[in-house]
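Here's a quick walk through the fold, from the overall layout down to a single side chain. Have the viewer open as you read.

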Amino acid sequence: MPSTATPRRYSRLPAVCERAGGIGRNTVYRWGQEGIFPRPVRLGPNCSAWPDDEIEAVLNARAAGADDAAVRALVARLHAERTAGASAA
């Protein structure tokens with residue numbers, strides 16, 4: 001029976017920078033270290049990308065007026081779900 005789950009989509013760094021309002025690559029990584037933006041997923045030895053659903057969740061929270069503390073909590077929850085999903089597979 002074929003799976004009906006939608007495959008997870010990923011974006012590479014240039015697309016992430018553009019989607020986040022034209023921010024720079026250093027800002028993306030700094031925000032990741034500060035916990036206010038999702039961290040990338042290693043897809044291979046020379047390839048990292050960000051899950052589109054996580055980027056959208058953070059951008060939507062910011063658009064709704066979430067402060068840094070609320071975004072940190074959201075990012076922590078997204079990372080926990082990512083880790084839980086990886087261990088279940």
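## Overall layout

Going along the sequence, this predicted model follows the pattern β-α-α-β-β-α-α. That comes to four helices and three strands.

As for the chain as a whole, 31% of its 89 residues count as buried. The accessible surface is about 5800 Å², with 54% of that belonging to carbon and sulfur atoms. If you look at contacts between residues at least 6 apart in sequence, 52% of them join residues at least 24 apart.

The three strands make an open sheet in the order 1-3-2, with antiparallel pairing. Strand 1 (10-11) and strand 2 (41-44) are the edge strands, each pairing on one side only. Strands in a sheet pair through backbone hydrogen bonds, in either a parallel or an antiparallel way.

Strand 2 and strand 3 run antiparallel and are joined by three bridges. To find your place there, look for G44, which stands opposite C47 in strand 3.

What lies across strand 1 and strand 3? That's helix 3 (residues 52-63), which runs at about 50° to strand 3.

## A closer look at S48

S48 sits in strand 3 (residues 47-51). Is S48 buried or exposed? Its relative accessible area is 17%, and the cut-off for buried is under 20%, so S48 counts as buried.

Leaving out residues up to four places away in sequence, S48 touches R12, P40, V41, R42 and L43. With R42 there's also a polar contact: the two side chains are joined at 3.2 Å.

Definitions and conventions. Residues numbered from 1 in each chain as written. Predicted model: local features only at pLDDT ≥ 70, side-chain atom pairs only at ≥ 80, totals over all residues. Heavy atoms only, no water. Helix = DSSP H or I, 4+ residues; strand = E, 2+ residues; numbered from the N terminus. Buried < 20%, exposed > 50% of the residue type's maximum accessible area, 1.4 Å probe, protein only. Contact = heavy atoms within 4.5 Å. Areas by Shrake-Rupley, 256 points an atom, 1.4 Å probe, with all protein chains shown as cover. Polar contact = N/O pair within 3.5 Å; in protein donor to acceptor, adjacent residues only side chain to side chain. Pairing = 2+ DSSP bridges. Axes fitted to C-alpha atoms, helices over the stretch in contact; angles between N-to-C directions.
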